[in-house]
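Please keep the sequence and the 3D view open while reading.

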Amino acid sequence: MTWRLLYAMMLLGVFATAQPYDFQSSMQTYVPLENATSVTQGNIWINVEATIPIGFDFAIGQHVVQDLRLTEYAGAIAPVFGLGTATDVGMVSAYGALVADRNATDNNEGQPGGVSDILYKTEGAEGNRIFTLEYRNVGLHIEWMVNGTSDMFTNFQVKLYENGSRIEYVYGPTNVTSNFQVFLGQTGPAVVIAPRYDVSDPNNPLLIEGYHLVGNHAAPQLVPIVSEDDLLTGVQGVPQNGRTYIFTNNMKVDDVYGVKDWAVFPNPAGDMLEHNYVLEDVAKMYVVDAAGKLIRSEIPIAKINLKGLTTGVYYLQLELLNGERVSKRFLKK
């Protein structure tokens, strides 16, 4: 197996050029999930691939997503959104380290006997739902690679809030201390938000715009990334039980790149869908399904023929002359 740095991170839709999140650090009680869905199903894991429903529309920059995808490249969590060859996405890293099942070795991935889990659950009333992805009792696999032991463990959650599209990282019980081996020369994990990341080549991603936490783990600051090396720069020390990093979305969906108040209609749509975007600013148009599969492409037109499409959720994507993309979700009746 080729070993790569495993970030517990989310690859999301395109953010704006301005810093899209306000940041604060606080403390709260870490509450493990109950009656949650297991991704790993008791098997030993290192790299996990799975599609996870959020359970509601979650606004990420100029896009709205409904799913996250655990994917092998960079160990990332990525929304099933946009074209399959999309190149401009966002990355959020909660714990920059090679996390894996504590029973994982070089040759037992996928076998029964896992003691670490990845779980998810959506809770709350409509409009105020919370999606939680939890990494439970996970090991730091570099410890096993270097020492042949799996004594270190940690727990953390990634929370997505329907109301306000806020993101939280909540850190739970851990026995991990500052360790230069585990954190690749740093004293703590890298915590990153990269609003624009080019992943057209998943084996050679290119950072376009990003931010990371620096300083003491209890009160870090969110600052711009100025080089690729910053992606590995961790906070000072290890976030302890209850430490919470809160990223509040300060952008409205479509309120980026000068795009405001465009719409698709009727929604739900029958055989025709219209939009009111300024056609002179549009280079290409695409209709994609909920899984990001390209259904059809169009020259810039105001009315799109939907005949032949089955009932379901789709997106109208507009590729603008400046190279950016905007999208709207619609339902085909």
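## Backbone exceptions and cores

Asn 35 is exposed, with a relative accessible area of 75%; exposed means over 50%, buried under 20%, and partly exposed in between (1.4 Å probe, protein chains only). The model is predicted: local features need pLDDT of at least 70, side-chain atom pairs count only at pLDDT 80 or more, and totals for chains, interfaces and linings use all residues. Residues are numbered from 1 along each chain as its sequence is written, and side-chain values use heavy atoms, without hydrogens and water.

Asn 35 is not a glycine, yet its phi is positive, at about 55°. The residue sits in the loop between strand E2 (21-27) and strand E3 (37-38). Strands (E, at least two residues) and helices (H or I, at least four) are DSSP runs, numbered from the N terminus.

Asn 137 also has a positive phi, near 55°. Its place is in strand E10. With 21% relative accessibility, Asn 137 counts as partly exposed.

Most residues other than glycine have a negative phi, and most peptide bonds are trans.

Now the interior. A nonpolar core is a set of buried Ala, Val, Leu, Ile, Met, Phe, Trp, Tyr and Cys residues joined through side-chain atoms within 4.5 Å. Which residues of the largest nonpolar core touch the most other members? They are Tyr 95, Phe 131, Tyr 135, Tyr 169 and Phe 247, in a core of 41 residues. Strand E10 (residues 130-140) gives the largest share of this core, with five residues. A second core is separate and has 17 residues, including Val 264, Val 287, Leu 309 and Phe 330.

Finally, the protein as a whole. It has one helix and 23 strands. Of its 333 residues, 51% count as buried. Contact means heavy atoms within 4.5 Å. Among contacts with a separation of 6 or more, 65% are between residues 24 or more positions apart. The protein exposes about 14,100 Å², and carbon and sulfur atoms supply 49% of that area. Accessible areas come from the Shrake-Rupley method with a 1.4 Å probe; for residues, only the protein chains shown count as cover.
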